[in-house]
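Please look through the sequence and the 3D structure that follow before reading on.

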Amino acid sequence: MDSCIFCSIINKKIETIIVAENEQAIAINDIFPKAPTHILIIPKKHIINMTDISAKNSDVIAQMALMVKELSQQHPQFNLVCNNGPEVGQTVMHLHWHFLAGTDIFKKLF
Ligand SMILES: [Zn+2]
């Protein structure tokens, strides 16, 4: 999708540092970090959010989960957050998981 910033990163139209990559997903640092480590895990396919997952594209989720596992080698304790819809804080309408480490900001919530 042309107007999507994550698709532009995936298609190398916008240059950024990719911290991890596999067949179906990439990981980049969040440009507005909310934690000492704040990495975004993004599928290479344009999927809006978790409501857009079906049997046809659910393999992407497994690849994203494997990337979480890979990142956990460096950061064994972390939070994984996924905002689904603008009213709950999704700012880019391309599925992404926030991998947050080095903070306890969610301790009061859960
Ligand atoms: Zn996209």
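In this predicted model, 5 strands form an open sheet in the order 1-2-3-5-4, with antiparallel pairing; strands (E, at least two residues) and helices (H or I, at least four) are DSSP runs numbered from the N terminus, and two strands count as paired if DSSP finds at least two bridges between them. Strand 1 (18-21) and strand 4 (79-81) stand at the edges with a single partner strand each, so one side of each is left without a neighbour in the sheet. From one strand to the next the twist averages 25°, where axes are lines fitted to C-alpha atoms, for helices over the stretch in contact, and angles run from 0 to 180 degrees between N-to-C directions. As to the basis of these values, residues are numbered from 1 along each chain as its sequence is written, and side-chain values use heavy atoms, with hydrogens and water left out. Because the model is predicted, local features need pLDDT of at least 70 and side-chain atom pairs count only at pLDDT 80 or more, whereas totals for chains, interfaces and linings use all residues.

Strand 3 pairs with strand 2 in the antiparallel sense over 5 bridges, and 5 bridges also join strand 3 to strand 5, again antiparallel. Strand 3 is mostly covered, with 7 of its 7 residues buried, where buried means under 20% relative accessible area, exposed over 50% and partly exposed in between (1.4 Å probe, protein chains only). Thr37, Ile39, Ile41 and Pro43 point one way from strand 3, while His38, Leu40 and Ile42 point the other way.

Which residues have the most contacts inside the largest nonpolar core? They are Ile41, Met64, Trp97 and Phe99, in a core of 16 residues; such a core is a set of buried Ala, Val, Leu, Ile, Met, Phe, Trp, Tyr and Cys residues joined through side-chain atoms within 4.5 Å. Two or more residues each come from strand 2 (25-29), strand 3 (37-43), helix 2 (59-72) and strand 5 (97-101), and helix 2 gives the most, with 6 residues. Apart from this core lies another, of 10 residues, among them Ile10, Ile26, Leu40 and Val92. Leaving aside residues up to four places away in sequence, isoleucine 41 touches residues including Ile26, Met64, Val68, Trp97 and Phe99, a contact being heavy atoms within 4.5 Å.

The zinc ion has as its protein donors Cys4 (SG), Cys7 (SG), His46 (ND1) and His94 (ND1), lying 2.0 to 2.3 Å from it; donors are N, O and S atoms within 2.8 Å of the metal (3.2 Å for Na, K and Ca), and since water is not among the atoms, sites may look incomplete. The 4 donor atoms subtend angles of 103 to 115°, which makes the arrangement tetrahedral, a label that requires all angles between four donors to lie between 85 and 135 degrees. In sequence the donor residues are spaced C-x2-C-x38-H-x47-H. Cysteine 7 lies in helix 1 (residues 5-10) and histidine 46 in the loop between strand 3 and helix 2, so the pair ties together parts that are 39 residues apart in sequence. Cysteine 7 is buried, with a relative accessible area of 5%, whereas histidine 46, at 27%, counts as partly exposed.

Definitions and conventions:
Tetrahedral: all angles 85-135°; square planar, octahedral: opposite > 155°, others 65-115°.
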